[in-house]
Amino acid sequence: MTETSSSTTVSTKLERIAKLAREAPDKALTTLAHHIDIDWLHEAFRRTRKDGATGVDRQSGEQYAAQLEDNLRSLLNRAKSGTYRAPPVRRVHIPKGSGAETRPIGIPTFEDKVLQRAVAMVLEAVYEQDFLDCSYAFRPKRSAHQALNAVWVEAMTMGGGWVLEVDIRKFFDTLDHGHLREILRRRVLDGVLLRLIGKWLNAGAYEDGDITYPDSGSPQGGVISPMLANIYLHEVLDTWFEREVKSRLLGRAALVRYADDVVFLFEHEADARKVMAVLPKRLGKYGLTLHPEKTRLVEFRRPDRRPLSSDGTTGRPGTFDLLGFTHFWSKSRASKWVVKRSTAKDRFRRALRNVADWCRKHRHDDLRTQQQALARKLQGHYGYFGIIGNFRALKCFRYRVLRAWRKWLHRRSQRARLTWERMFRLLERYALPPPRIARPWQPRAANP
């Protein structure tokens, strides 16, 4: 996104808010909303995605921009005066995991997205001074791959140890409004901001002609929801573990969190079991529960350090999944034990199913159009999953995409038969990109 003159002004204000928050880490800030002016809303508009799905009013970003100045001034007046009414989100359901279940997504109106972005910018300036290094989601200059690298470094440094995979059951649907307001007031006491956040929490969801008003949760899909989730889990998990739990453990321990995807790593089994025992009570205090089947403790010790069993073998170490990757122990080319990562089976199947569905729906499109679209999908897959040690999975994925493409090209008509020989000739003209390691950098770990 291109910066404008208002961007510089807003950056200066953001730095002022951040400085104030840094200098008063234990103080609730009372005067924040006055920073939100017309330049601030212009910057929020600039940062808001214009081609996203529309809300209940079906107004697109392009339509809103047609009278941008008038719309933003009206929005600013309503937000500051307290007359702004948060419209309900439009609820849609998207496939989850294997596709057997769905996840509800709440889509705000475009104007609501702009105002949420404006408030999120203020909260980010405040809470970036408080957030700990263990959280990586929806934060500036932080990414899922940094979270994965942090897990890799800790696992290598410990020589494995024990991994506690945590799955919070329906976190975004069960986030408690009362606890969230209490947590927010510890750092933010600006009435305008708190009132707007309260309106979004109570706005309701529109689906099939009806509006429901849940008494808990923050709908996924909203601009403000990731920030509120980070603030909530910062209090519930991050600070609790770093300041209260770690000092009581026998050995090294670490927490890595990406939104509500959480893993704990422990050097000693006793520490892992102690935290696993108290974690449900900690979450229950804030209205959250663990998924009993997806929360598990994994013995992830390095194979050469595992104790011998009764039959004289060490057995295979466990594996765990995080952010689309399965983590496991294997030997490197230098015959040293290292933690390797491969595309998780469920993510592999989901990505392949999406490509196959696209090939089915677009099998009658022009071949060049199909080739360009599939190339973009493959490049995107390589961009995320193209890490060291995962080349075989990338190669397999490309081959399976090629099979799916051939299958649906073969079914374009009853007469056309597309043999593999003809398919290979077609690929000479409409080539698909080969697998590549997009992230060749490997983090370093201290010798365990």
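Me: What volume does the largest cavity have?

Reply: About 100 Å³ for the largest cavity. Keep in mind that this is a predicted model.

Me: OK, and which residues are closest to the centre of the largest cavity?

Reply: Those are Val 89, Gln 116, Trp 200, Pro 219 and Ile 224, out of 15 residues that line the largest cavity.

Me: Which helices supply at least two residues of that lining?

Reply: Helix H5 (110-127), helix H9 (191-201) and helix H10 (225-245) each do that for the largest cavity. By class, the lining has nine nonpolar, five polar and one charged residues.

Me: How many cavities of 30 Å³ or more are there?

Reply: Three. The second largest cavity holds about 60 Å³ of space.

Me: What lies nearest the centre of the second largest cavity?

Reply: Gly 52, Ala 53, Gly 61, Phe 110 and Lys 113, from a lining of 14 residues. That lining divides into three nonpolar, seven polar and four charged residues.

Me: Now the packed parts. Which residues touch the most other members in the largest nonpolar core?

Reply: Leu 123, Phe 264 and Phe 266, in a core of 80 residues. H5 provides the largest share of this core, 12 residues.

Me: What is Phe 264 in contact with, leaving aside its neighbours within four places in sequence?

Reply: Quite a list: Trp 162, Val 163, Leu 164, Val 166, Leu 237, Phe 241, Ala 254, Leu 255 and Leu 279.

Me: And which residues does the second, separate core include?

Reply: Leu 323, Val 338, Tyr 382 and Leu 418 are included in the second core, which has 50 residues.

Me: Back to H5. Is H5 mostly covered or mostly open?

Reply: Mostly covered, with 16 of the 18 residues of H5 buried. On length, the end C-alpha atoms of H5 are 25 Å apart, which agrees with the 26 Å that 18 residues should span at 1.5 Å a residue.

Me: Why is H6 described as largely enclosed by the rest of the structure?

Reply: Because 13 of the 15 residues of H6 are buried. H6 covers residues 144-158 and reaches 21 Å from its first C-alpha to its last, close to the 21 Å expected.

Me: What follows H6?

Reply: Gly 159, with a positive phi near 75 degrees.

Me: There's a Glu 154 in helix H6. Does Glu 154 count as buried or exposed, and why?

Reply: Buried, because its relative accessibility is 17% and the cut-off for buried is under 20%. Not counting residues up to four places away in sequence, Glu 154 touches Arg 252, Ala 254 and Leu 265.

Me: Last one, Thr 174. Which residues does Thr 174 touch, not counting those up to four places away in sequence?

Reply: Arg 169, Ser 216, Gly 217, Gly 287 and Leu 288. Thr 174 sits in helix H7 (residues 171-174) and is partly exposed, with a relative accessible area of 28%. Thr 174 and Tyr 286 are 112 residues apart along the chain, while their C-alpha atoms are separated by 9.6 Å.

Notes: Residues numbered from 1 in each chain as written. Predicted model: local features only at pLDDT ≥ 70, side-chain atom pairs only at ≥ 80, totals over all residues. Heavy atoms only, no water. 1 Å grid on protein atoms, 1.4 Å probe; cavity = no way out; pocket = protein on both sides within 12 Å on 5 of 7 lines; lining within 4 Å. Points joined across faces, edges and corners; volume = space filled by probe spheres on them. Helix = DSSP H or I, 4+ residues; strand = E, 2+ residues; numbered from the N terminus. Nonpolar A, V, L, I, M, F, W, Y, C, P; charged D, E, K, R; others polar. Core = buried A, V, L, I, M, F, W, Y, C linked by side-chain atoms within 4.5 Å. Buried < 20%, exposed > 50% of the residue type's maximum accessible area, 1.4 Å probe, protein only. Contact = heavy atoms within 4.5 Å. Expected span 1.5 Å × (residues − 1).
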